[in-house]
Amino acid sequence: MIEVLRHPVYARLFSAQVIALVGTGLLTVALGLLAFDLAGDRAGAVLGTVFAIKMIAYVGLAPIASALVERWPRKRVLIGADLLRAGVALMLPFVDQTWQIYVLIFVLQAASATFTPAFQATIPDILEDERDYTRALSLSRLAYDLENLLSPALAGLLLLVMGYHWLFSGTVLGFVGSALLVYSAVIPQAGAQQISRPFVDRLTRGVRIYLATPRLRGLLALNLTAASAGAFVLVNTVVMVRSGYGAGDTEVAIALAAFGAGSMLSALVLPRLLESVADRSVMMAAGVLLALLTLSHAAYLLSDGLLGWVGFLLAWGLSGVFYSAILTPSGRLLRISAHAEDRPALFTAQFTLSHACWLLAYPVAGWVGLRFGLPVAMALLGLMALAGVLMARAVWPADDHAVLEHEHADLAPDHPHLRAHPAAGARHRHAFVIDDEHRVWPTHG
């Protein structure tokens, strides 16, 4: 897997991702401590609002930001977003009102909603070999998991020698370091021959391509499966460990580490597995297993109470394995589902729609758990996860071929597309994606 880091441009961009993630992890810890300083016992409500702002920014602003910067050089977009995030982090230590946190976090997450899809869409243009791109996706998944494991530990060590306000300095350095690494990389510009399109068309193009492509409709349904199970883990682990098992902060960290370790294990295994097994088969199997595991755990909680501690950690570890097996191959599906000039819009659509699934799952995990109890919340989220798998099976055909036979009754015989792909009769075959000449899927429109 590490072989892909021999590619100099990707190595710089991966390093930029890792450094920015470390800075984000420090920011998460520092924000929690800042919220407690400003709001005391209401810190949880403050952080809940911050999290809601993050999701709203991701869902609402990512398509707008992508449409606005579509014609800008990618390198400038990435560097500008990094520097804006660094500027916000620089101001956070000086706030003295909770509303100031909300405003600054909204700006920071708006910048992230611009940076992340543009960054993700850049990688397939740099790594054209499918095996290299698969390795890069697994490395990216590992980077996110390592950030969840290592950033809190690093923050804890730093807090031994400095106040938490200095953690924001680490965040600033992370974003500035990311910007410098992006600046040093040679990044191809997408859509050099891109057609000039109206703003509304640019705003909606990614979502239209996404929803018109059967495999991506299946991906969206599986995103709901992953978000449903993942939301319970992220929201309620602390409640289960502290209130259910009567354990402390160390055990909370161990439980989250079990989930992260499972996800990392899956990311390590997937590149080799995907060489011989189709993406759909891997993702669908992982979705079924994740939904059944969540439902089985909920049934046990309702009938017999808590699992033993080792059983609980095993359940969380397996959840991480299946969760990562759903999410890691998603970039491969996006890559083959659009032309290079449409990939930024398509990655933005994935960013927006996947976070919409989380926006649906998080309130269920939190409010249903608070009102009706954690077993009921887990059971409901397990049903949502199972519904996602069933929807994916319905909309994503098993015979999902890249090359499809189709015809163009609406095109003139001398149209450039027909000249580029000649056929003996009215129908012809080529790698099929939704674009200006192909607005409806030929067999599952």
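Among contacts in the protein chain between residues at least 6 apart in sequence, what percentage join residues at least 24 apart? The share is 82%, where contact means heavy atoms within 4.5 Å. The structure is a predicted model, in which local features need pLDDT of at least 70 and side-chain atom pairs count only at pLDDT 80 or more, whereas totals for chains, interfaces and linings use all residues. Residues are numbered from 1 along each chain as its sequence is written, and side-chain values use heavy atoms, with hydrogens and water left out.

The protein chain contains 15 helices and two strands; these are DSSP runs numbered from the N terminus (helices H or I, at least four residues; strands E, at least two). Of its 445 residues, 51% count as buried. Buried denotes under 20% relative accessible area, exposed over 50%, and partly exposed in between (1.4 Å probe, protein chains only).

Helix 3 (residues 74-91) packs against helix 4 (residues 98-126) at an angle of about 150°, and their axes are 9 Å apart. Axes are lines fitted to C-alpha atoms, for helices over the stretch in contact, and angles run from 0 to 180 degrees between N-to-C directions. The two helices are therefore roughly antiparallel, a term applied to angles over 145 degrees. Residues of this contact include Arg74, Leu78 and Met91 of helix 3, and Leu104, Phe115 and Thr122 of helix 4. By class, the contact residues comprise 14 nonpolar, three polar and four charged; Ala, Val, Leu, Ile, Met, Phe, Trp, Tyr, Cys and Pro count as nonpolar, Asp, Glu, Lys and Arg as charged, and the others, Gly among them, as polar. Thr122, in helix 4, is buried, with a relative accessible area of 1%. Not counting residues up to four places away in sequence, Thr122 touches Leu13, Arg74, Leu78 and Ile187.

Trp309 lies in helix 11 (residues 309-327) and is partly exposed, at 26% relative accessibility. Leaving aside neighbours within four places in sequence, Trp309 contacts Val241, Tyr245, Glu251 and Ile254. Tyr245 and Trp309 are 64 residues apart in sequence, yet 7.8 Å apart in space, C-alpha to C-alpha.

Strand 1 (residues 403-407) and strand 2 (residues 427-431) run antiparallel and are joined by five bridges; strands pair if DSSP finds at least two bridges between them. Within this pairing, Glu405 stands opposite Arg429 of strand 2.

Note on methods. Parallel < 35°, antiparallel > 145°, perpendicular 65-115°, else oblique.
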